[in-house]
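Open the model in your viewer and keep the selection tool ready. The tour goes from the whole chain to single residues.

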Amino acid sequence: MQNLTVSLVILAIIASIYLGEKLSTNTGYFALGFAYLIGAFALDLGIKDIIGMWPTNLFLVIFCISLFFNFSNANGAMPKMAMNLLYRTRKYVKFLPLVLYFVTTLVSGMGAGFFTSVALMGGIAMILCKNAKLEMITPSIAVALGALSGGNFMSSQHGNIFRGIIENTTLATNVESYVKDIFVVSFVYPIVVLILLILWNSRRNKDANHELKLEKPEPFTSKQTISLSLVGVMIIIVLGFPMLQGFFPNVEWITFVNSKIDISFIALLLALVSYMLKLADPKEVTKSIPWDTIWLVCGVGVLVEVAVEAGAIEVLSGFVNSFPPILIPVAMCFIGGIMSFFSSTLGVVAPLMFPMVAAISITSGISPSLLFVATIIGAQSTTLAPFSTGGTLIMSSSALDDDERESLYHSFLYIATPLCLLFACVATLIIQMFF
C-alpha cells in the first residue's frame with residue numbers, strides 16, 4: 001500500500017511539472033491541488049493538517065527579502081554597481097568570464113537574486129561578447145553559475161530557502177553549517193571550471209586581448225548609495241551576530257540579541273525604512289515581488305510534505321542507498337541535475353531530496369553536508385538548459401539576432417548543459433576527500 005501511495009505522489013509531482021509547462025501555469029498551483037486530493041482522500045489527512053503543511057516561514061523569508069532588495073533594483077543601484085565593476089576590469093578581456101562570474105555573484109548575493117541577476121548580467125554579457133569577439137558559452141556559464149552561487153549566500157534567497165527546508169528535517173541542529181558549505185562549494189568550484197575553460201579558449205582565440213569599449217558609468221545617486229548601504233547593514237546584522245556569539249559564547253547580551261535576529265523581520269524593517277526614505281517607486285517595488293517563485297516553492301512544498309506522510313523519503317532513500325557508498329554523492333548530484341533539467345531546484349529538487357539526506361547519511365555513513373552540497377551543485381549545473389530559466393533569460397537578450405539565438409540554443413542543449421553536469425559530478429567526487 002505504501003509503495004502504491006508513494007508512486008501516486010511521484011506521479012502527481014511529474015504531472016504538476018508537465019501541466020505547469022504545458023499550460024504555462026505555475027506548477028505550484030497543480031501541486032497544491034494534488035496535495036489536497038492525495039492527502040485528504042488517499043492518506044485520510046485532516047484538512048487542517050494539509051493547510052498546516054503550508055511553509056509559512058519560507059513564504060515570509062522570500063516575501064520580506066524580495067520586498068527589501070527590490071528597492072536597490074528599482075532605483076538602479078544594482079545595475080549601476082554591476083556596470084562600475086565591469087568598467088574597472090575592462091582591460092582584462094581574456095578573463096571576462098571570471099569577471100562576469102564575480103560581478104554576477106556579488107549582484108545576486110546582495111539581493112538581486114537569480115532571475116534578476118541572469119536577466120541583467122546575461123544581457124550585458126552577450127553585448128560584451130559580441131564587442132570582444134568572444135565565444136558565448138563560457139560567459140553564459142559564468143553568469144548562470146554566478147547568479148546561483150550568489151543566491152546561495154547564507155543571507156540571500158536560496159540560502160534562506162535551503163535553511164527553511166533543512167530546519168524541517170532531523171538535521172536542523174547544524175543547519176547553519178550545511179547552508180555555509182553549500183555556498184562555499186557552489187562558489188569555489190565554478191571558479192576552477194571557468195579557469196580551465198578560459199585556458200582552453202585562449203589557445204583557440206589569441207586575438208581576444210583588446211580593451212572593452214565601455215563608457216564610464218554615472219556616479220551613484222544619494223538614494224542608490226543609501227540603498228546599497230542598507231543592504232550592507234542587513235548583511236552585517238544577519239551574519240555579524242552569529243559570528244560574535246561564536247567568538248564570545250558567554251556574553252549574555254550577544255546571545256540574547258542573536259536569538260532575536262530573524263532575517264525576514266530584519267529585511268522587513270529595512271524595507272520600511274526604504275519606504276519612509278522614498279528610495280524607489282513603491283509600485284515598482286511591489287510589482288517585482290516574485291509571486292510565481294513563492295507559489296512554486298510553497299505549493300510544491302505542501303505536496304512534498306504529503307509525499308513524506310506517504311513514505312516517499314524511505315522509498316527514495318532505499319533507492320539511493322542501493323549504490324556503492326563512494327557513488328552515493330555522485331548519484332545525488334546526477335539525480336539532482338536530471339530532475340532540475342525539467343523542474344526547479346528551489347521548488348522541486350531541494351524540497352524532495354533534502355529530507356532524504358538524514359536517512360541516507362545514517363545508513364551509508366556519508367556526511368550530510370556532502371549530500372546537501374552534491375544535490376545542489378548537481379541541480380544547479382543544468383540551469384543553462386535552453387528551456388530552463390537561466391538558458392531562456394540569456395537567449396532572450398536583445399543583443400542577439402535570430403541566428404545567434406538558434407546557435408546558442410543548440411550550444412546550451414548539447415554542449416553547456418552536459419558539460420556543466422559532468423563538471424558537477426567530477427567536483428562531487430573530488431570534494432568527497434574534504435568531508
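Colour by secondary structure: the chain has 21 helices and 0 strands. Both are DSSP runs numbered from the N terminus, with helices as H or I of at least four residues and strands as E of at least two. This is a predicted model, in which local features need pLDDT of at least 70 and side-chain atom pairs count only at pLDDT 80 or more, while totals for chains, interfaces and linings use all residues. Residues are numbered from 1 along each chain as its sequence is written, and side-chain values use heavy atoms, with hydrogens and water left out.

Stay with the whole chain. Its C-alpha atoms fill a box of roughly 65 × 50 × 45 Å along the principal axes. The radius of gyration is 22 Å, which agrees with the value near 22 Å for a compact globule of 435 residues. That radius is taken over C-alpha atoms, and the globule rule is 2.2 Å times the number of residues to the power 0.38.

Now show the surface. The chain exposes about 20000 Å², and carbon and sulfur atoms supply 66% of it. Areas come from the Shrake-Rupley method with a 1.4 Å probe; for residues, only the protein chains shown count as cover. Of the 435 residues, 55% are buried (under 20% relative accessible area; exposed is over 50%, partly exposed in between; 1.4 Å probe, protein chains only).

Next, select residues 77-88, which form helix 5. Its 12 residues reach 17 Å from first C-alpha to last, close to the 16 Å expected. The expected span is 1.5 Å times one less than the number of residues. Buried positions in helix 5 include Met 78, Met 81, Leu 86 and Tyr 87. Lys 80 and Asn 84 of this helix are buried too.

Move to Ser 140, in helix 7 (residues 137-151). Is Ser 140 buried or exposed? Ser 140 is buried, with a relative accessible area of 1%. Beyond residues up to four places away in sequence, Ser 140 touches Met 126, Leu 384, Ile 394 and Phe 412. Contact means heavy atoms within 4.5 Å.

Then pick Ser 361, in helix 18 (residues 357-364). Ser 361 counts as buried because its relative accessibility is 12%. Leaving aside neighbours within four places in sequence, Ser 361 is in contact with Ile 366, Ser 367, Pro 368 and Leu 371.

Last stop: Leu 422, in helix 21 (residues 402-431).
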